Amino acid sequence: MSNQPCKQHYESLLALLNRWDHAYYVLDNPEVSDAEYDAVWQEVCALEAQHPAWVTPTSPTQRVGGKAIDSFQKIEHRLKMLSLANAFSLSETCQFFARAAQELDQISATLELVSEPKLDGLAISIAYQNGVLAYAVTRGDGEVGEDVTHNIKTIKSVPLRLLTSTPPEIIEVRGEVFMPKAAFAMLNAQAEDTATRRFVNPRNAAAGTIRQMDPSIAATRALQFIPYGLGAYQGTKVFTKHSDIIAYLTTLGFKANPYSQTLLASLEALTDNYHFMAEVRDSLPMEIDGIVYKIDDLAQQITLGFNARTPKWAVARKFPAQLQHTRLDAVDFQVGRTGVITPVARLTPVFVAGVTVSSASLHNMDEIERLGVCLGDEVEIQRAGDVIPKIVRVVKHGQSRQLICMPTHCPVCNAVIERSAGQAAYRCSGGLRCAAQAVEHIIHYASRKCMNINHLGSKLVETLHAQGVLSTIADIYSLSVNDIAELEGYGEKSAQNVIAAINASKATRLATFISALGIPEIGEESAKTLAHYFKNLTALRQASAEDILQVPDIGPIMARHCVAFFANANNQTIIQLILNAGVHWVDEATEHSVEKILAGQTWVITGTLSRPRNDVKMVLESLGAKVAGSVSKKTHCVLAGEDAGSKLAKAHELAVSIIDDATFMHEFDAFFNSAVKK
């Protein structure tokens with residue numbers, strides 16, 4: 001046989017395997033026996049061994065073939081990947097759509113909705129270019145996620161090539177990766193046999209699998225993927241309804257969400273739908289934690305737009321927390337970043353809402369007193385929102401009850417535990433010489449919402465602290481490549497990445513630095529308020545409690561903590577060491593002296609830009625603009641980067657001003673240095 005007919009035969013075998021995979025993993029309707037499938041698979045492998053140049057990324061044999069990766073690369077979403085608002089009752093659900101209907105000048109009971117079981121897994125966006133899987137990325141912070149293509153390719157219900165001869169140029173398929181109940185039970189049974197760590201629930205198992213560096217591990221875990229919508233889309237097909245999108249995705253080779261249906265947003269329809277899904281929940285092959293309701297009409301979705309983080313046209317109706325009874329065996333006392341001592345209940349393990357619960361937070365001693373709980377009592381456990389374990393009440397007093405008492409000395413450093421007048425919290429007085437506080441303080445300082453020091457995660461901080469290399473946040477700036485490269489699991493390149501991230505963090509914002517210092521009771525928003533009011537760090541450090549109380553939204557407790565923090569000699573030394581290391585920012589007085597040339601304007605950003613989207617947003621806001629998530633008649637201007645989609649089309653439709661990426665960067669380049677410090 002010549003090479004050409006041989007290659008045609010090979011390609012016909014690939015098409016056959018892809019068809020059989022789709023029938024088995026997506027349609028749940030196997031077409032052939034395992035023996036027949038295996039025979040064709042072996043023939044394909046033999047042909048690929050003989051003709052390696054024929055092998056393409058879309059061959060079924062390439063689902064698991066990549067090497068293990070060293071780290072997860074960041075990818076910016078073409079369109080934001082948002083979360084959903086939650087509703088915990090029928091009335092909340094009805095009120096959500098009543099507000100939407102009012103904004104649409106419509107009666108809520110006439111709104112057409114799509115109901116979809118809310119899969120309990122991990123949100124993923126899978127991008128295809130000309131029908132071929134290009135990359136897959138996690139939600140991340142909604143704007144930037146992590147590249148997990150190597151693991152997503154191993155999922156048999158994810159087509160490597162879309163099942164169409166006319167694929168769109170670009171399509172981002174967004175959906176949920178999850179582990180079926182049967183696969184989860186098998187995984188934990190294997191863990192028990194091999195004495196390895198068990199996963200607590202299918203969602204954690206799915207998330208942990210997707211974060212594996214080695215795709216061969218993910219390939220053994222039987223993950224599945226079901227889409228729930230689109231991200232960026234460049235194709236010829238026009239959609240008018242969300243249900244049209246889902247139907248189209250099934251023709252491309254994706255699995256349908258079971259029990260999805262359309263209904264009206266009436267009290268009766270929502271009630272019936274909820275009761276039906278609650279009844280079938282336990283019989284489903286996958287875990288669900290609620291129902292997602294979406295307005296079906298896409299034009300109405302565009303009109304409603306978004307809040308800061310959630311769409312105004314979709315809501316997740318959560319199932320109520322499940323309750324179980326168990327025994328309170330002991331209480332541990334944990335030390336937090338600011339020295340707060342938190343009592344943690346140790347329970348006789350009990351299965352609650354799909355998870356084995358063995359501990360729960362008791363919050364503080366006031367909560368223990370309110371519950372009237374003692375060691376040995378039988379208690380009722382609830383997973384709030386099906387996530388956080390909580391003791392709801394005492395069901396039955398134990399025969400030999402023991403009072404729960406706050407220890408007098410810190411369980412970590414043995415310093416005296418103190419309680420300020422009028423406060424519920426007890427605190428370790430050891431400060432940063434307490435190991436628990438020091439480690440948590442450093443982790444907080446380096447976190448993404450604070451100094452954003454990539455690669456300096458909790459495990460590395462704990463290791464460096466244990467070795468005596470990292471005792472305070474100031475020590476971060478004294479770390480060397482050798483300090484890290486010599487650690488197990490690290491090398492020269494990894495160490496250089498950490499040091500590079502540390503150096504990059506030196507250019508920051510005053511508000512960010514104040515938040516990162518970890519002053520008790522001072523969070524991200526309070527730090528912004530203080531920075532805006534005092535303009536520079538020196539003024540804040542010298543301020544009295546009376547001065548700080550003049551700041552809007554800052555109360556007496558916050559003021560006392562601020563003064564005490566900056567009066568502490570150890571803290572003063574640490575701050576000076578950090579400043580000496582080169583950490584800097586533009587004072588708020590200088591920053592806010594920039595003319596607000598865009599004051600009162602509303603801008604919308606769409607597409608991929610030549611600068612990070614967050615930086616562009618900072619520039620616009622520093623010039624007085626409001627950055628919105630959707631285009632409306634009130635929009636002043638749309639900034640359009642590459643691959644701009646529906647927002648750009650909407651801007652044309654409404655005759656809104658449009659500026660392209662290159663023009664914007666040229667005209668506003670001078671503002672980036674003053675507005676962007678990270």
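A residue is called partly exposed when its relative accessible area lies between the limit for buried, under 20%, and the limit for exposed, over 50%. The views below all show a predicted model.

**View 1. His-455 in the loop between α12 and α13.** The relative accessibility of His-455 is 45%, so this residue counts as partly exposed. Its loop connects α12 (435-446) and α13 (458-466). Although His-455 is not a glycine, its phi is positive, at about 75°.

**View 2. His-363 in the loop between β14 and α11.** His-363 is not a glycine, yet it has a positive phi of about 70°. With a relative accessible area of 44%, His-363 is partly exposed.

**View 3. The largest nonpolar core.** In soluble globular proteins, nonpolar side chains tend to be buried together. Here the largest such core has 52 residues. Tyr-445, Ile-453, Leu-456, Ile-476, Phe-513, Leu-530 and Ile-578 have the most contacts inside it. Several helices each supply at least two residues of this core, among them α12, α13, α15 (492-504), α16 (510-516) and α17 (524-534). Helices α18 (537-542), α20 (556-567) and α21 (569-580) also each supply at least two.

**View 4. The surroundings of Leu-456.** Which residues are in contact with Leu-456, leaving aside its neighbours within four places in sequence? They are Ala-446, Val-461, Leu-464, Ile-476 and Val-498. Apart from the core that includes Leu-456 lies another core, of 34 residues. Ile-155, Phe-199, Ala-205 and Ala-206 are among the residues of that other core.

**View 5. An open sheet of four strands.** Strands of a sheet pair through backbone hydrogen bonds, either parallel or antiparallel. In this sheet the pairing is parallel, and the strand order is β20-β19-β21-β22. Strands β20 (626-628) and β22 (657-660) form the edges, each pairing on one side only. From one strand to the next, the twist averages 30°.

**View 6. The pairing of β21 with β22.** Strand β21 (residues 637-640) runs parallel to β22, and four bridges join the two. Cys-637 stands opposite Ser-657 in β22.

Definitions and conventions. Residues are numbered from 1 along each chain as its sequence is written. This is a predicted model: local features need pLDDT of at least 70, side-chain atom pairs count only at pLDDT 80 or more; totals for chains, interfaces and linings use all residues. Side-chain values use heavy atoms; hydrogens and water are left out. Buried means under 20% relative accessible area, exposed over 50%, partly exposed in between (1.4 Å probe, protein chains only). A nonpolar core is a set of buried Ala, Val, Leu, Ile, Met, Phe, Trp, Tyr and Cys residues joined through side-chain atoms within 4.5 Å. Contact means heavy atoms within 4.5 Å. Two strands pair if DSSP finds at least two bridges between them. Axes are lines fitted to C-alpha atoms, for helices over the stretch in contact, and angles run from 0 to 180 degrees between N-to-C directions.
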